[in-house]
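Q: Can you walk me through this model? I'd like the metal site, then the sheets.

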Amino acid sequence: MRLVTVDRCQAGISLAKSISHENGSVLLAAGTQLTEQHIARLKKLQVFTIYIEDDDSEGIDIIDSIPEELRVEAVHVITEGLTTIAGLTSPHAPQIQGMMKTSRAIRSFQKIFRDITQCLKGAPAALQLLASTKIHDNFVYTHSLNVSIYACQLAIENGLPLKKIEEVGLGAMLHDIGTMFISPEILNKPGELTDREFAYVQSHTELGFDVLRKVHEVPLPVAHCALQHHERIDGTGYPRGLKADDIHPYAKLLSVVNVFEALTNHHPHRQAMLPHNALEYLYAGSATQFDKKQVQLFRKCIAIYPQGLTVMLNDGRTGIVSKYNFRSAGRPEIRIIRDEEGQKVTPYEIDLAANECLTVEIVKADALLY
Ligand SMILES: [Fe+2]
């Protein structure tokens, strides 16, 4: 299977992975032959990339480290949990009942996160670009889940003990809880925000912290994840403008994965970046905005060039990323499908790790389908 952008799809193409809503309900099942109407519908629903089946990519199977059922369950738990905690911290909520519901929500978060940790520890694999093929009903829930998955992988890469991995995970799931108090019209407003609107959106950090520090099952460092995930090493972040060592280590870790997740997903006001571009952005800001060590470690956690991506090499040949290379994240195996002149060839594989002079020159997510 391979990854293509919807706007380059033609009717008749066969879907390799189902397209589903974040609640798990399937809009189009794997194997569906897309019609013009399907393609128009996907565009309307803001699905920009899909996995398709074609002869050139036969045998390239993309397996997610987190099974689909667990993702669906996790989004469900996060949706319920965030709504419950945000709703019950209002002064009008009945106290005892509120505390019980909150405890239950936190326990469900912990259970889900333990399952995620087990998956990631059990089958070490680089995280692939898969989130982008979903239909988003609400950005916050999927974003919180994806950030948790990345944070978990990065916490493991940091060699943190299990207790700390679980705290980071809880912090990741809850980091944007403050956005529940921000009006969706402003949060999802396309185009530029006014200074006033921007300050209002920024207040989600403090609103989240205020909620979480009142929940006694939530350790204080977890509440600090909500407060500090937009702080930057050079003091240019918010809400406090904290610098380097004053920022909690969990928040430093989280700010890297949070930005990566946001950049690689579609938002109302901008298109998604591919992982290698998002990583370049993080590298450009490492040491000034982001903790350099965390950026370097995160590079090892993700597939810089995810399987199924069409790329052009520096010698002009075109191919599809067929295998991830654990020893060298930026040098995967490529299935060559076109020669230097752009002529179709019988597909064959080359390993970039064994061919030092070859590099990925251009990534063609919008590759034309022939
Ligand atoms: Fe945030």
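Q: Is His-229 buried or exposed?
A: His-229 is buried, at 0% relative accessible area. Buried means under 20% relative accessible area, exposed over 50%, and partly exposed in between, with a 1.4 Å probe and protein chains only.

Q: What kind of model is this, and how is it numbered?
A: This is a predicted model, where local features need pLDDT of at least 70, side-chain atom pairs count only at pLDDT 80 or more, and totals for chains, interfaces and linings use all residues. Residues are numbered from 1 along each chain as its sequence is written, and side-chain values use heavy atoms, with hydrogens and water left out.

Q: And what about His-230, buried or exposed?
A: His-230 is buried, with a relative accessible area of 15%.

Q: Which residues coordinate the iron ion?
A: Asp-176 through OD, and His-204, His-229 and His-230 through NE2, at 2.2 to 2.4 Å. Donors are N, O and S atoms within 2.8 Å of the metal (3.2 Å for Na, K and Ca); water is not among the atoms, so sites may look incomplete.

Q: What spacing do the donors follow along the chain?
A: The iron donors follow D-x27-H-x24-H-H.

Q: What geometry does the iron site have?
A: Irregular, with angles of 82 to 169° among the four donor atoms. Four donors count as tetrahedral if all angles lie between 85 and 135 degrees. Four count as square planar and six as octahedral if opposite donors are over 155 degrees apart and all others between 65 and 115; anything else is irregular. Ideal angles for four tetrahedral donors are 109.5 degrees.

Q: Switching topic. Where is Glu-261?
A: Glu-261 is in helix α10. Its relative accessible area is 2%, so Glu-261 counts as buried. Helices (H or I, at least four residues) and strands (E, at least two) are DSSP runs, numbered from the N terminus.

Q: What does Glu-261 touch?
A: His-143, Asn-146, Val-147 and Tyr-150, leaving aside residues up to four places away in sequence. Contact means heavy atoms within 4.5 Å. The side chains of Glu-261 and Asn-146 also make a polar contact of 2.7 Å. That term is a pair of N or O atoms within 3.5 Å; within protein, one must be able to donate a hydrogen and the other to accept it, and residues adjacent in sequence count only if both atoms are side-chain atoms.

Q: What follows α10 (249-263)?
A: A loop between α10 and α11 (275-284), which holds Asn-265. Asn-265 is buried, at 5% relative accessibility.

Q: Now the sheets. What is the strand order in the five-stranded one?
A: β9-β8-β7-β6-β10, an open sheet with antiparallel pairing. Two strands pair if DSSP finds at least two bridges between them. The edge strands are β9 (344-351) and β10 (360-363), each pairing on one side only.

Q: How many bridges join β8 to β9?
A: Five, with β8 covering residues 333-338. Arg-338 has Lys-344 in β9 as its bridge partner.

Q: And the order in the three-stranded sheet?
A: β1-β5-β2, again open with antiparallel pairing. β1 (2-5) and β2 (14-15) are the edge strands.

Q: How is β5 held on each side?
A: β5 (residues 49-53) pairs with β1 over four bridges, and Leu-3 stands opposite Tyr-51. β2 and β5 pair over two bridges, with Leu-15 partnering Ile-52.

Q: Why is β5 called largely enclosed?
A: Because four of its five residues are buried.
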